[in-house]
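Hi everyone, thanks for making time this morning. I'd like to walk you through one structure, so let me put the sequence and the model up on the screen.

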Amino acid sequence: MALKKPRKPKEKKVHRTFFIDDAGRNKIFLQSTRKTIVVLLQLETESYKKKIGVVTKSTKTLKIERKRDLHLFRMGNAYGFNEYILKQAKTFDTISLSDELEHWKIPVKFILENGKYLNFAQQGYELQLFVSLSQLEQFRVLKKENRRI
């Protein structure tokens, strides 16, 4: 009869909350483990938390998945990024963004320097920096270059 290996104890998540506006209405939630940080956003106008992405600590990358028909700002043909998260970033310096059609690896510094500010506060959204698909083209990862896509 083979002996079973003892199970490792389940790693506990560390939860932290940050208010991202002066009134304390919109919040960022972080759920950290040894290897990753899950980033969540809860807007004042919503009762649920939206998953922004997952930071992989070893690669210093925030992985974000989007649906083009839902997340793409049509007037600017651009994707928006939460300004607070980018400015406070200490555990990542690259964003791995993907939708159904494309995949990009974007330096955070590029978004901070080239993104256009838009604030839809009237609709309850947080301050965002928008980067057009044409600006992102230089960071597109071709499938033949990356077998993980």
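This is a predicted model: local features need pLDDT of at least 70, side-chain atom pairs count only at pLDDT 80 or more; totals for chains, interfaces and linings use all residues.

Lys49 has a relative accessible area of 42%, and because buried means under 20% and exposed means over 50%, Lys49 counts as partly exposed. You'll find Lys49 in the loop between strand E3 (36-42) and E4. Leaving aside neighbours within four places in sequence, Lys49 is in contact with Phe29, Leu40, Leu41 and Gln42. Phe29 sits 20 residues away along the chain, and the C-alpha atoms of Lys49 and Phe29 are 8.4 Å apart.

Now let's step back to the whole fold. The protein has four helices and 10 strands. Reading from the N terminus, the order is β-β-β-β-β-α-β-α-β-β-α-β-β-α. There are 149 residues in the protein, and 40% of them are buried. Of the contacts with a separation of 6 or more, 42% are between residues 24 or more positions apart.

Take Ile106 as an example: beyond its neighbours within four places in sequence, its contacts include Phe81, Ile95 and Leu97, along with Ile111, Leu136 and Phe139.

Next, please turn to the largest pocket, with a volume of about 690 Å³. Its lining has 26 residues, and Lys50, Arg66, His71, Gly80 and Gln128 lie nearest the centre. By class, that lining is made of 15 nonpolar, four polar and seven charged residues. Among the elements that each supply at least two lining residues are strand E4 (50-56), helix H1 (68-71) and strand E10 (127-132).

Let me finish with Asp99, in the loop between strand E7 (94-98) and strand E8 (103-107). Why does Asp99 count as buried? Its relative accessibility is 11%, and the cut-off for buried is under 20%. So what does this buried side chain meet? The side chain of Asp99 makes a polar contact with the side chain of Arg68 at 2.7 Å, and another with the side chain of Tyr79, at 2.7 Å. Not counting residues up to four places away in sequence, Asp99 touches Arg66 and Trp104 as well as Arg68 and Tyr79.

Thanks, and I'm happy to take questions.

Technical notes
Residues are numbered from 1 along each chain as its sequence is written. Side-chain values use heavy atoms; hydrogens and water are left out. Buried means under 20% relative accessible area, exposed over 50%, partly exposed in between (1.4 Å probe, protein chains only). A polar contact is a pair of N or O atoms within 3.5 Å; within protein, one must be able to donate a hydrogen and the other to accept it, and residues adjacent in sequence count only if both atoms are side-chain atoms. Contact means heavy atoms within 4.5 Å. On a 1 Å grid over the protein atoms alone, a cavity is a set of points where a 1.4 Å probe fits but cannot get out, and a pocket is an open set with protein on both sides within 12 Å along at least five of seven lines; lining residues have an atom within 4 Å of a point. Grid points are joined across faces, edges and corners, and a volume is the space filled by probe spheres set on the points. Ala, Val, Leu, Ile, Met, Phe, Trp, Tyr, Cys and Pro count as nonpolar, Asp, Glu, Lys and Arg as charged, and the others, Gly among them, as polar.
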